[in-house]
Amino acid sequence: MRPDRMTTNSQAAFRDGLDLASRNGNPELYPEHVLASMLDQEGGVAGPLLQKAGTDVALLRTHVQKRVEGFPKVSGGAEPNLSRRLLEVVRKAEDEAKTLKDDFVSVEHYVLARARHDRECQGLFEQSGGVN
């Protein structure tokens, strides 16, 4: 993961996702933490993009929140580490950017990577009516 190759919104989503994981006492940062942050970005593109793909974004937010609440918790721990699933999503998003000949990895690339390569997030999208 190279932050210098990420757009400003992508970097902010990862920071906010890390903050969400920390506040919840989660020892790992999962794709759902970052997705929750992307959905909540003011003026962000994740919500409108998923809505165009048929997703009920409000329902998706609810599903994502429930998933985050169900993650393991620890107290007094260090900053959360990136989960294996999130590392794979990052790699796939970088691949999506290369395929599209984009110089930076954007929120759109992360949404595509989740929709195409992360079964857990695919399930959340399907439960919310979109992205098959």
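Gly-76 sits in the loop between H4 and strand E2 (81-82). Helices (H or I, at least four residues) and strands (E, at least two) are DSSP runs, numbered from the N terminus. The model is predicted, and local features need pLDDT of at least 70, side-chain atom pairs count only at pLDDT 80 or more, and totals for chains, interfaces and linings use all residues. Residues are numbered from 1 along each chain as its sequence is written, and side-chain values use heavy atoms, with hydrogens and water left out. Gly-76 counts as exposed, at 86% relative accessibility. Here buried means under 20% relative accessible area, exposed over 50%, and partly exposed in between (1.4 Å probe, protein chains only). The C-alpha atoms of Gly-76 and Leu-60 are separated by 30 Å, with the two residues 16 apart along the chain.

Lys-101 lies in another loop, between H5 and H6. Its phi is positive, at about 60°, although Lys-101 is not a glycine. Most residues other than glycine have a negative phi. Lys-101 is exposed, with a relative accessible area of 74%.

The largest nonpolar core has 33 residues. Such a core is a set of buried Ala, Val, Leu, Ile, Met, Phe, Trp, Tyr and Cys residues joined through side-chain atoms within 4.5 Å. Phe-14, Leu-50 and Tyr-110 have the most contacts inside this core. At least two core residues come from each of H1 (8-23), H2 (31-40), H3 (46-52), H4 (57-69), H5 (84-99), H6 (107-117) and H7 (119-127).

H1 and H2 pack at an angle of about 120°, with axes 8 Å apart. Axes are lines fitted to C-alpha atoms, for helices over the stretch in contact, and angles run from 0 to 180 degrees between N-to-C directions. H1 is therefore oblique to H2; angles under 35 degrees count as roughly parallel, over 145 as roughly antiparallel, 65 to 115 as roughly perpendicular and the rest as oblique. The contact (heavy atoms within 4.5 Å) involves Ala-13, Phe-14, Asp-16, Gly-17, Leu-20 and Ala-21 of H1. From H2 come His-33, Val-34, Ala-36, Ser-37 and Met-38.

Nine of the ten residues of H2 are buried, so H2 is largely enclosed by the rest of the structure. Among them are Pro-31, Glu-32 and His-33. In H6, the buried residues include Val-107, His-109, Tyr-110 and Arg-114. Their cover includes H1, H2, H3, H5 and H7.
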